[in-house]
Amino acid sequence: MALVPYLDVDQVPEEHRHLLERPINLFRALSNSPEGLARFHPLGEWIRWDCALDPRLRELLILQVGYLARDPYEWSHHVVISRLFGVSDEDIEGLVVFTAGEPTTLSDLDRIVLRAATELTLERRLSDGAVASLSEHFDDQGLTDIVLVASFYNMVVRVLGGLRIEVEPGTEYAEALERFPV
């Protein structure tokens, strides 16, 4: 059970109602702090729509954070969202296999990005080897964006866990979690 109530749009101050255009449980819970949600939301939107990273790689990065954190909410939501950006079932299965340390059919670049997400999540920093590998494919902006995306989603999984936010039952997110459990 969630730590705070999931607010409906009519329970939120008028100036913040636009933040519930996607009335997912994360935003509904964060609506208990409307100014906090108003600061949180724009960075997530920038990551999804304006970040310079290749969208498929960005989603693999986010999925890796959610999978490593074993966060059913983050994982299931981005299993669904990642489809919009070219991530396939085979990619998701490859991520799971990669995380288990087994051989995968994912590309070298996919594995480099997943390794970066893993290091940033588990070690909170990139190793020299990860930086060298990333630098072969990304400029300074790309490196910065990778760190920003992984860091933001590491914060998101802590918000989700801290507030005990649940996957919306009966949704495509719940179905995704059944297909790809964490």
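## The cavity

The largest cavity has a volume of about 190 Å³, a volume being the space filled by probe spheres set on grid points joined across faces, edges and corners. A cavity here is a set of points on a 1 Å grid over the protein atoms alone where a 1.4 Å probe fits but cannot get out, and lining residues have an atom within 4 Å of a point. The structure holds 1 cavity of 30 Å³ or more.

Lining that largest cavity are 17 residues, with L26, F27, R48, H78 and Y153 nearest its centre. Helices α1 (25-30), α2 (34-49), α4 and α8 each bring at least two residues to the lining. Helices are DSSP runs (H or I, at least four residues), numbered from the N terminus. By type, the lining splits into 9 nonpolar, 4 polar and 4 charged residues.

## Where the numbers come from

This is a predicted model, with local features needing pLDDT of at least 70 and side-chain atom pairs counting only at pLDDT 80 or more, while totals for chains, interfaces and linings use all residues. Residues are numbered from 1 along each chain as its sequence is written, and side-chain values use heavy atoms, leaving out hydrogens and water.

## One side of α5

In helix α5 (residues 89-99), D91, I92, G94 and L95 are buried (under 20% relative accessible area with a 1.4 Å probe, protein chains only). They sit on the same side of α5 because they cover an arc of only 160° around the axis, taken from the directions from the helix axis to the C-beta atoms.

What do the buried residues of α5 pack against? Their partners are α3 (55-68), α4 (72-83) and α6 (108-122). After α5 comes G101, with a positive phi near 80°.

## Y67 in α3

Y67 belongs to helix α3 and is buried, at 10% relative accessible area. Setting aside neighbours within four places in sequence, Y67 is in contact with W75, L95, V96, T99, P181 and V182 (contact means heavy atoms within 4.5 Å). Y67 and V96 are 29 residues apart in sequence, and their C-alpha atoms are 8.0 Å apart.

## N154 in α8

Helix α8 (residues 140-163) contains N154, which counts as buried because its relative accessibility is 8%. The N154 side chain makes a polar contact with the side chain of T121, at 3.1 Å. A polar contact is a pair of N or O atoms within 3.5 Å; within protein, one must be able to donate a hydrogen and the other to accept it, and residues adjacent in sequence count only if both atoms are side-chain atoms.

A polar atom of the N154 side chain also lies 2.9 Å from the backbone oxygen of A150. Beyond four places in sequence, N154 is in contact with V65, L120 and T121.

Conventions
Buried means under 20% relative accessible area, exposed over 50%, partly exposed in between (1.4 Å probe, protein chains only). On a 1 Å grid over the protein atoms alone, a cavity is a set of points where a 1.4 Å probe fits but cannot get out, and a pocket is an open set with protein on both sides within 12 Å along at least five of seven lines; lining residues have an atom within 4 Å of a point. Ala, Val, Leu, Ile, Met, Phe, Trp, Tyr, Cys and Pro count as nonpolar, Asp, Glu, Lys and Arg as charged, and the others, Gly among them, as polar.
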